[in-house]
Amino acid sequence: MRLALSRLRRDVVLGVKNLLLHKLRSFLTMLGLVFGVGSVIAMLAIGEGASRDALERIRRLGSHNIMLESKKPPDDQGSQKRSSFLTIYGLLYSDADRIAATIPSVDSVVPVKALVKQGKFHDRSLDLRVVCTTDDWFRLVDREVLAGRVMNSRDMKEFASVAVLTEWGARRLLANEHAVGETLTIDRNTYQVVGIVRSESGGSEASDTPDGQTDVYIPLASARQRYGDLFFRRTQGSVIREKVELHEIIAHVRRESDVAATARAIERLLETSHKKRDYAINVPLQLLRQAEATKRTFSIVLGAIAGISLLVGGIGIMNIMLASVTERTREIGIRRAIGARRFQIVVQFLIEALALSVIGGMIGMALGISIPFMVTFFAGMPTVVTPMSLVLSFGISVGVGIGFGIYPAMRASKLDPIIALRYE
């Protein structure tokens, strides 16, 4: 056993010395594996980061939730009850009531009216998205309460003039004032700020979450009493009047397994009360599953593309090892003449190929870890380096070194000692 280990150690030292005799050639040979391993890790990290970010955005909507949204149909469709002054479309209060009353798998329904109003506090003003909803909103859209409280059922029953602000809106509007208890003016109506919540919208007003950074939440009953259902929009010198009762309905399903069937039931229910499709149904669970399937396909494609670089690196190793066999033909003949076995010749050349792949793989791993870090730092894109990508890429690198080193090693071992000794 000790003799075998001693021989192996000697062969490793000899192999490394042979590589160091041609430093530049060895380095250029390793570059293929360096870039191959680095690109595998970097591409998988970028793909994983993008996929996780997309999946997280969908998860924020809630896998048990079904999102219904009012949509204005094209002008050539007659779903809107039109006159020369008024357009009527979208979800109805009765839709929310019917969903809650007729679909057993739905345990709560949250109606939402979304308005854009100017909020004022002393001499400061800010355009706010006023979310008029019920206290169930804060159960379905779970957000951390930073101060005070959220709306409750008593606020709903009493038509209370209370408001809950997001952290970002509170900082912009209330500044250094003590937020909870202050009086906020929204479109000439006053509200007492009773709580501050953290927004998870990521600093944007994108629709990937039900909430936004400039949201203020007030009771739906109070908003309906004060603002009604008519909305005015100015476009190119004209005023468009629209009547929309609800902009959104969130239906929460008890069991995740019932989400798809419940979505179909809700769609059939809405079809009976809406002549045309002036609404949209989004099912986050279905989007989540589609995104997960896309993620798997994306990872396979990225891995296959990056694997081509490893293949090129392996071809480089084979090329340089074949050249090494030709250069060292006389050395091989001498070793065979003094008693070296074919197996020992194979081991010698395999060690050199393996050393190239291991060192190249390690440098490639360092490069592959640093690239995602720089992408995140400079471009702000989320990246995730997984342990599996490190193990996979390094394992493939070693496998490539062995696989492409076997043929040159076997060719070296099969050289005739007499012919090898006479080789010039």
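Close-up 1. E158 is partly exposed, with a relative accessible area of 49% (buried means under 20%, exposed over 50%, partly exposed in between; 1.4 Å probe, protein chains only). R154 is exposed at 58%. Their side chains form a salt bridge with an N to O distance of 3.0 Å (a side-chain nitrogen of Lys or Arg within 4 Å of a carboxyl oxygen of Asp or Glu). The model is predicted: local features need pLDDT of at least 70, side-chain atom pairs count only at pLDDT 80 or more, and totals for chains, interfaces and linings use all residues. Residues are numbered from 1 along each chain as its sequence is written, and side-chain values use heavy atoms, with hydrogens and water left out.

Close-up 2. The N to O distance is 2.8 Å. E167 is buried at 19% relative accessible area, whereas R171 is exposed at 61%. Shared partners join E144, E167, R171 and R198 into one salt-bridge network.

**Close-up 3. The D229–K113 salt bridge.** The closest N and O atoms of D229 and K113 are 2.8 Å apart. D229 sits in the loop between helix 7 (220–227) and strand 10 (230–235), and K113 in strand 3 (residues 106–121), 116 residues away. D229 counts as buried at 15% relative accessibility, and K113 counts as buried at 0%. The salt bridge count for the model is 13.

Note on methods: Helix = DSSP H or I, 4+ residues; strand = E, 2+ residues; numbered from the N terminus.
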